[in-house]
Amino acid sequence: MSLSRITLTAVRNLHPVTLLPSPRINILSGANGSGKTSLLEAIHLLGLARSFRSPRLNPLIQYEQLACTVFGQVELSQGGHSSLGVLRNRQGDLQIRIDGQNARSAAQLAETLPLQLINPDSFRLLEGAPKIRRQFLDWGVFHVEPRFLPAWQRLQKALRQRNSWLRHGTLEPASQAAWDRELCLASDEIDHYRRAYIQALKPVFERTLNELVLLDGLTLSYYRGWDKDRALSQVLSTSLLRDQQLGHTQAGPQRADLRLRLGAHNAAEILSRGQQKLVISALRIAQGHLVSQVRRGQCIYLVDDLPSELDQQHRRALCRLLEELNCQVFITCVDPEVLNDAWCTDTPVAMFHVEQGRITQTHDHRE
């Protein structure tokens, strides 16, 4: 799938514009602060109904404007197209339209327009809290396992009930036992889906990483969130007093993590910034491969400041892997010349220049 048309209004400093991007490679160049990243942010808004730069909405909306809007036409891999629209206003209201109809949730956007983001914040995937790695993991499981979302929703409901009881003690024993059973059933189901996904992801990740950089001893492992040798029901029973003291459930899939280690050490503590970027890129590209296998349609990649942290050899290697995905890619950089020789001559490449919020197309992929 790919975006064949993007129209945006009142997104940060960008002037209203309609773009006709290439179905493959799109390079956005311009000085720092010109608005390149804001275009990636607009596409992210179209696919996930939120920004990747801030949880706050107001900075996304242009100064003195009441709302921002992004529309897109998606060419579907199975043929035909789908029209998407997202509006966010300063009161926090969200409107999502898919093919002229109001959508119920952002999950419907994510299904239609699966996005992968590689940006400076991506380093948090290695350095940050387990929640960030769980989000990465669950994004992949969501896109390849249709039963994951209802199981995850059941888990959240059961967790809310149990945590409320732990804090306030308002449930009778029979209800408490029923919610514990529901929590354990949903947890086991989610763990099954995550485990199957990691089993499929690991070999693809390892092959992809080896094409970017050789890192002997790097391992990717999965921690499910509770003792691997005991059932969750046993763990919940033995930790009940501690859970009551803390007011929340300590064990379960809400505590799961992905662990990347180099030998006996956390990989983030050993790897250089350039090596970390390549590891993160390999994880994202591996996810893209799995999604394309299951959904028969590709992710769209948003790569902010691709050249940073990478020398020429590794820039070319990363570009080659993105090109081999045969998907749509949006890349920002200050100087487009550093990527001039990164693509095959028959790969469609569109060039855009961004200056003080104005986006102009300097090379059309159809030329």
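# Loops, pockets and strands of a predicted model

At 28% relative accessibility, Asp305 counts as partly exposed (buried means under 20% relative accessible area, exposed over 50%, and partly exposed in between, with a 1.4 Å probe and protein chains only). This is a predicted model, where local features need pLDDT of at least 70 and side-chain atom pairs count only at pLDDT 80 or more, while totals for chains, interfaces and linings use all residues. Residues are numbered from 1 along each chain as its sequence is written, and side-chain values use heavy atoms, with hydrogens and water left out.

Asp305 sits in the loop that runs between strand S12 (300-303) and helix H11 (312-324). Helices (H or I, at least four residues) and strands (E, at least two) are DSSP runs, numbered from the N terminus.

Ala10 also has a positive phi without being glycine, with a value near 65°. You will find Ala10 in the loop between strand S1 (2-9) and strand S2 (17-19). Is Ala10 buried or exposed? Ala10 is buried, with a relative accessible area of 4%.

## How the strands pair

Two strands pair if DSSP finds at least two bridges between them.

| Strand pair | Sense | Bridges | Example of bridge partners |
|---|---|---|---|
| S1 and S4 (67-75) | antiparallel | seven bridges | Thr7 and Phe71 |
| S1 and S2 | antiparallel | three bridges | Ile6 and Leu19 |
| S12 and S13 | parallel | four bridges | Tyr301 and Val329 |

The S12 and S13 pair belongs to an open sheet of six strands, in the order S8-S12-S13-S3-S14-S15 and with mixed pairing. At the edges stand S8 and strand S15 (358-363), each with a single partner strand, so one side of each has no neighbour in the sheet. Helix H1 lies across S3, S8, S12, S13, S14 and S15, and runs at about 150° to S13 (contact means heavy atoms within 4.5 Å; axes are lines fitted to C-alpha atoms, for helices over the stretch in contact, and angles run from 0 to 180 degrees between N-to-C directions).

## The largest pocket

The largest pocket has a volume of about 1300 Å³. Of the 35 residues lining this pocket, Arg50, Ile132, Gln135, Phe136 and Trp139 are the closest to its centre. A pocket here is an open set of points on a 1 Å grid over the protein atoms alone, where a 1.4 Å probe fits, with protein on both sides within 12 Å along at least five of seven lines; lining residues have an atom within 4 Å of a point. The volume is the space filled by probe spheres set on the points, which are joined across faces, edges and corners.

Which elements give two or more residues to this lining? They are H1 (36-48), H2 (106-112), S8 (115-118), H3 (124-127), H4 (130-144) and H5 (148-168). H4 supplies the largest share, nine residues. By class, the lining holds 17 nonpolar, ten polar and eight charged residues (Ala, Val, Leu, Ile, Met, Phe, Trp, Tyr, Cys and Pro count as nonpolar, Asp, Glu, Lys and Arg as charged, and the others, Gly among them, as polar).

## The second largest pocket

About 200 Å³ of space lies in the second largest pocket. This pocket is lined by 15 residues, and the closest to its centre are Asn32, Gly33, Lys36, Thr37 and Asp304. H1 and S13 (328-333) each supply at least two residues of the lining, and H1 gives the most, with three. The lining divides into three nonpolar, eight polar and four charged residues.

Gln153 has its place in H5 and is partly exposed, with a relative accessible area of 45%. The C-alpha atoms of Gln153 and Pro16 are separated by 38 Å, and the two residues are 137 residues apart along the chain.

Ser187, found in helix H6 (173-212), counts as buried at 0% relative accessibility. Leaving aside neighbours within four places in sequence, Ser187 is in contact with Leu155, Trp226, Leu232 and Pro253.
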